[in-house]
Structures are given as C-alpha cells and as structure tokens.
Amino acid sequence: MKKIQFADQKQEFNKRPSKIGRRSLSRSISQSSTDSYSSAASYTDSSDDETSPRDKQQKNSKGNGDFCIKNIKQADFGRREIEIAEQEMPALMALRKRAQGEKPLAGAKVVGCTHITAQTAVLMETLSALGAQCRWAACNIYSTQNEVAAALAEGGFSVFAWKGESEDDFWWCIDRCVNVEGWQPNMRINCIMLSKAGKLCVPAMNVNDSVTKQKFDNLYCCRESILDGLKRTTDVMFGGKQVVVCGYGEVGKGCCAALKAMGSIVYVTEIDPICALQACMDGFRLVKLNEVIRQVDIVITCTGNKNVVVREYLDRMKNGCIVCNMGHSNTEIDVASLRTPELTWERVRSQVDHVIWPDGKRVVLLAEGRLLNLSCSTVPTFVLSITATTQALALIELYNAPEGRYKQDVYLLPKKMDEYVASLHLPTFDAHLTELTDEQAKYLGLNKNGPFKPNYYR
C-alpha cells in the first residue's frame with residue numbers, strides 16, 4: 001500500500017527531540033509554510049480553557065477517540081464554518097465531484113501538517129472523498145480553528161491540534177499523529193535540502209513554487225490579509241504611516257500594494273537586484289533597514305529568511321513601533337533576544353504583546369513573530385481554493401504515477417496541471433478563454449490546449 005506525506009514546512013523537523021525514527025515512503029509531497037490556511041476567529045469555551053486537551057478523554061458521537069482537540073462539543077460550529085468555506089472553494093468541490101467515482105487516492109495514507117482551518121478541512125474532506133485516509137496535525141501553534149478541528153474529529157478524522165499549543169504540545173501532537181501502527185511517514189520534510197544532500201528517499205512535489213501558489217496565494221492573499229491582521233490586532237490607521245517591508249517577493253509585493261493604496265509611506269529592503277528594481281519601478285524607496293529603523297511606524301518581514309530583524313534594530317525602534325512577520329516562519333524576527341531580564345513583556349490582547357524597555361519605550365510585537373495573517377486574522381478562502389486544489393492534484397499525480405516517472409528528487413508541478421487549476425476557477429468570474437486557431441498554435445509552437453508556458457516559468 002502506498003503512503004503519502006502531505007506537510008507544510010513550518011519547523012526544522014530535524015531539530016525536534018523525538019523518538020520517531022526516520023522511515024521511508026513510496027510517495028511524498030511537501031509544501032512550504034507560506035501556505036496559508038487559517039483564521040483567527042475561533043469559538044472558545046471559557047470553562048474549558050484551563051484544562052489541556054492532552055489531559056482530557058474525548059470521543060465523538062460514534063465512540064471514536066483517535067484525536068486530540070480543544071472541545072468536541074464545538075463540532076456543529078465548525079461544520080458551519082466548513083460549509084461556508086465550501087462555497088468559496090469551487091475547484092476543490094468540482095474536483096471532488098469529478099473524481100469521486102474514480103477514487104484516485106484509494107488506499108493512500110495522507111499525513112498532513114498544515115494550518116487546521118475551514119479551508120484545510122475542505123481539502124481533507126476532498127482527499128477522503130477521493131479515497132484517502134488522513135491524519136493531521138497543526139504546523140502553527142496559533143492558527144488552528146478549534147471548532148473546525150472538532151468538526152473534523154466528529155467526522156472521523158484523526159486530528160491532533162488546538163489553538164494556543166505550547167512547543168511541547170506541538171511536537172506531542174505530531175508524535176500522536178504519525179507514531180501509530182500502519183502510519184510510518186518520514187516527517188523530515190525539508191525535501192529540497194535533503195535532495196541536495198542526496199538523502200531524499202522518495203519523490204516529492206514542490207507545491208510552494210508552483211505558479212498557482214506563488215502568483216495567487218502569496219500575492220493576492222497577502223495583499224488582503226496584511227491589512228486585516230494589522231487592523232484586528234492594533235486598530236492602526238494606515239494613512240501617513242511610515243512602513244518598511246523587508247522583502248519584495250510575491251508576499252512583499254502584495255503587502256506593499258495594499259499599504260500604498262491605504263496611503264502609507266512604504267520603504268522596501270531587498271537583497272535581489274531584480275526584485276529591488278521592481279520595487280523601485282513600482283514607486284517604492286529601496287533602503288537598508290538601518291537607514292529607516294528609527295523613524296518607521298511599522299516593520300513587516302516577508303523574506304523567508306532568518307534574523308532579518310535582530311535585537312540591534314529592535315533597540316533602535318521608536319516608541320510604539322509595530323513589528324510583525326508575513327514571511328516564512330517564526331525565524332525572521334529575533335524574538336528570543338527579547339526574552340531577557342531587563343525587558344518586560346505585557347500581554348495587551350490576544351496575539352499582541354508590548355515589549356517594554358527600561359526607559360519606558362514600547363515595541364508592539366504581533367503573534368510573537370509568527371505569521372501575522374495565519375495567527376491573527378482570516379485569509380481569503382477563494383485564493384486558498386487555488387492552492388488546495390494544486391495540492392490535491394499533486395497528491396493524485398504522485399500517487400498514480402507509474403514507477404520510474406519520478407525519481408528520488410523534488411519536482412515542480414507540471415505547467416499543464418497549474419493551468420488546469422486556474423481553469424477550474426474561471427467559471428466563478430463568468431470568464432471566457434480565447435482559443436488559439438490551428439494556425440496560431442502552429443506559429444507559437446504550442447498545443448492548442450496547452451501548456452502555454454514552459455516548465456521553468458514562474
């Protein structure tokens with residue numbers, strides 16, 4: 001029986017203190033953490049907050065207890081959230097309808113480590129409808145929608161996640177998710193690094209660098225969710241504010257466009273001359289962070305790197321400066337350097353901390369440096385439908401590919417598949433594609449039905 005690993009790279013898995021051995025797979029898929037399935041909204045039961053889910057014995061209505069969530073009683077609320085998400089995820093629903101009879105994932109065992117939200121639930125239920133068995137854990141300690149996790153558990157999914165996990169809870173949930181008889185995936189999912197080192201044991205599909213992920217999820221999702229996350233957490237007015245955005249990739253482009261439209265004065269930092277030139281030609285001032293750090297009102301990281309905002313910069317920020325991350329993981333802002341005796345942490349509201357210096361200066365840190373939109377706000381469901389459909393098709397491709405098509409390496413999604421995902425979403429806009437004539441197709445050297453871009457196109 002084939003096994004599939006579907007996971008969102010949120011941590012350096014090789015650093016965790018785990019008893020789980022590294023086991024091989026026959027098929028593997030990984031997706032980088034910029035993937036965004038999340039919502040800050042979550043129903044809570046205040047009477048339940050003091051008890052760790054790990055200390056509770058819960059069962060769903062069918063007597064199944066192979067899950068660990070906040071409160072199974074929230075399942076009805078979660079089901080309504082999932083039903084709302086389904087309305088904005090037309091391609092996944094179409095894929096579910098078209099392929100349900102064929103069961104292209106029959107016998108597949110899918111282990112997921114992503115944000116557990118209504119949008120992820122639609123993906124999971126689609127995979128299940130296509131024949132897969134799924135077990136899931138959260139990749140972010142703040143992004144789980146508790147009511148959605150409850151709905152999934154009630155529906156028979158083995159889910160191990162709740163909003164506000166500790167780091168120890170995080171790894172415990174992953175252990176519970178994967179360390180069970182019959183489920184033996186290799187949870188080291190930094191496939192590109194493993195491939196370069198010659199240690200990758202299975203074929204893997206890099207969904208994060210697919211066109212549909214980069215150009216839609218990263219750009220359009222962040223263009224809307226950056227404002228939502230900042231407004232919900234700080235009630236800040238954007239007009240006239242000086243903002244520095246670190247990184248001008250697709251995420252940075254989306255953030256800059258949104259802030260500029262709201263009247264903010266936007267600076268950009270960038271290491272890549274090409275992205276830097278794009279920022280300049282889009283009307284943004286390209287600077288080094290140390291040139292503006294004393295004057296800006298908001299600092300946003302979007303690089304996917306580590307130690308972008310270090311203690312030196314944090315010390316030089318002005319009183320009230322807002323610091324947040326929209327990039328890869330919780331590595332961009334050096335939060336650890338702020339946990340020192342001379343600094344005081346004051347929790348203002350959920351996911352909002354004032355870090356207070358001895359002279360009284362306060363820096364507003366959001367989501368402890370973790371992803372702002374995934375931890376503090378909602379993200380547009382429709383754009384997540386694009387990414388989730390890409391993930392589902394990648395799983396189907398890897399699982400059903402004949403032996404030898406994919407070697408032990410990391411592959412980009414075929415452009416034909418990217419284009420198919422996009423086409424599934426066009427009916428929502430009542431959009432009509434122009435078709436090439438035979439003469440035009442011959443002139444361009446293309447198949448009339450695509451793909452219309454070379455495989456290296458991003």
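A: In this predicted model, Arg-232 is partly exposed, with a relative accessible area of 39%. Its salt-bridge partner is Asp-228, and the closest N and O atoms of the two are 2.8 Å apart. Asp-228 is likewise partly exposed, at a relative accessible area of 21%. Helix H7 (residues 211–234) holds both Asp-228 and Arg-232, which are four residues apart, about one turn of the helix.

A further salt bridge forms between Arg-347 and Glu-368, where the closest N and O atoms are 3.3 Å apart. This pair links distant parts of the chain, 21 residues apart: Arg-347 belongs to strand E12 (residues 344–349), whereas Glu-368 sits in the loop between strand E14 (362–366) and helix H12 (372–376). Arg-347 has 45% relative accessibility and therefore counts as partly exposed, and Glu-368 is partly exposed with a relative accessible area of 22%. Through salt bridges that share partners, Arg-347 and Glu-368 are joined with Arg-339 and Asp-353 into one network.

The side chains of Arg-96 and Glu-86 also meet in a salt bridge, at 3.8 Å from N to O. Because Arg-96 lies in helix H2 (residues 90–99) and Glu-86 in helix H1 (residues 75–87), the pair ties together parts that are 10 residues apart in sequence. Arg-96 is buried, its relative accessible area being 13%, while Glu-86 is partly exposed at 21%.

Across the whole structure, a search finds 18 salt bridges.

Terms used:
Residues numbered from 1 in each chain as written. Predicted model: local features only at pLDDT ≥ 70, side-chain atom pairs only at ≥ 80, totals over all residues. Heavy atoms only, no water. Salt bridge = Lys/Arg side-chain N within 4 Å of Asp/Glu carboxyl O. Helix = DSSP H or I, 4+ residues; strand = E, 2+ residues; numbered from the N terminus. Buried < 20%, exposed > 50% of the residue type's maximum accessible area, 1.4 Å probe, protein only.
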